[in-house]
Amino acid sequence: MRIGSGYDVHRLVEGRDLVLGGVRIPHPKGLLGHSDADVVVHAVMDALLGAMGLGDIGKHFPDTDPAYEGASSLRLLAKVAELMESQGFMLGNLDATIIAQAPKLLPHMDSMRTNIAAAMDVDRNRINLKATTEEGLGFTGRQEGISAQAVCLIERKELEEKTSSQ
Ligand SMILES: Nc1ccn([C@@H]2O[C@H](COP(=O)(O)O)[C@@H](O)[C@H]2O)c(=O)n1
Ligand SMILES: C[C@@]1(CO)OP(=O)(O)OP(=O)(O)OC[C@H]1O
């Protein structure tokens, strides 16, 4: 079994859509980035790549590559899931926290969870998402940006198959 952690931040600006977990959320500002800047999906990808010992998203999807301009981060997550498959790993579970003073994310959590599970082709019960405000403190509290953290466990597929057949 291997553990990975991920962290990402994007700045909130006017004139951009707010996309979190692949859900377009109504808000006066959106996150700035080369891709759709889906900060929670970025943290999830970094956790998975970290667990595999394969670096980070900047290494796999450089922000200098026009191919990723405006890219759906869920599509990049699907590529990371393919990489996991090719390396012989499966997801144990993953848990992520979105740190956002606003908007209220609870009503969108279920859709985000469904999207992440679908992009990875795993059961929803392996994914947990949470949100917290920063009680008005710091850059997230001032609504200058949104950050996200993720941790995951992955396991070698043959090990899982052996255990489940015992
Ligand atoms: N952007 C957010 C932040 C929080 N939530 C939900 O509210 C609960 C309480 O948050 P606190 O920061 O006051 O502890 C939290 O557990 C989330 O369920 C949210 O929906 N959207
Ligand atoms: C996703 C990528 C690639 O488009 O760009 P951004 O959306 O800017 O995101 P960031 O977390 O700053 O860097 C990772 C990049 O690989």
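Predicted model: local features only at pLDDT ≥ 70, side-chain atom pairs only at ≥ 80, totals over all residues.

Side-chain values use heavy atoms, with hydrogens and water left out, residues are numbered from 1 along each chain as its sequence is written, and chains are lettered from A and ligands numbered from 1 in the order in which they are written.

Q: What makes a residue part of the surroundings of ligand 2, and which residues are they?
A: A residue counts as near a molecule if one of its heavy atoms lies within 4 Å of it. For ligand 2 these residues are Asp-8, His-10, Gly-33, His-34, Ser-35, His-42, Ile-57, Gly-58, Phe-61, Asp-63 and Tyr-68. Both β1 (2–14) and α2 (57–60) supply at least two residues of this shell, helices being DSSP runs of H or I with at least four residues and strands runs of E with at least two, numbered from the N terminus.

Q: Why is the pair formed by Ser-35 and an oxygen atom of ligand 2 called a polar contact?
A: A polar contact is a pair of N or O atoms within 3.5 Å (within protein, one must be able to donate a hydrogen and the other to accept it, and residues adjacent in sequence count only if both atoms are side-chain atoms). A polar side-chain atom of Ser-35 lies 2.4 Å from an oxygen atom of ligand 2, so the pair meets the limit. A backbone N or O atom of His-34 is 2.9 Å from an oxygen atom of the ligand, and a side-chain N or O atom of Asp-8 is 3.0 Å from an oxygen atom of ligand 2. Taken alone, ligand 2 exposes 370 Å², of which the protein buries 86%, by the Shrake-Rupley method with a 1.4 Å probe.

Q: How do you know that ligand 2 takes up the space of the largest pocket?
A: A molecule sits in a pocket if more than half of its atoms lie within 2 Å of the grid points, and the space taken by ligand 2 is the largest pocket. A pocket is an open set of points, on a 1 Å grid over the protein atoms alone, where a 1.4 Å probe fits, with protein on both sides within 12 Å along at least five of seven lines; lining residues have an atom within 4 Å of a point. About 260 Å³ of space lies in this pocket, and of its 13 lining residues His-34, His-42, Ile-57, Phe-61 and Asp-63 lie nearest the centre.

Q: Which element gives the most to the lining of the second largest pocket?
A: That element is α3, with four residues. About 200 Å³ of space lies in the second largest pocket.

Q: What polar contacts does ligand 1 have with Ala-100, Pro-103 and Lys-104?
A: A nitrogen atom of ligand 1 is 2.9 Å from a backbone N or O atom of Ala-100, and a nitrogen atom of the ligand is 2.9 Å from a polar backbone atom of Pro-103. A polar side-chain atom of Lys-104 lies 3.1 Å from an oxygen atom of ligand 1. The protein covers 67% of the 460 Å² of accessible area that ligand 1 has on its own.

Q: What makes the backbone at Pro-103 and at Ala-37 worth noting?
A: Most residues other than glycine have a negative phi, and most peptide bonds are trans. The peptide bond from Ala-102 to Pro-103 is cis, with omega near -5 degrees, and Pro-103 is in the loop between β5 and α4 (109–120). Ala-37 has a positive phi, near 60 degrees, and is in the loop between β4 (29–31) and α1 (39–52).

Terms used: Points joined across faces, edges and corners; volume = space filled by probe spheres on them.
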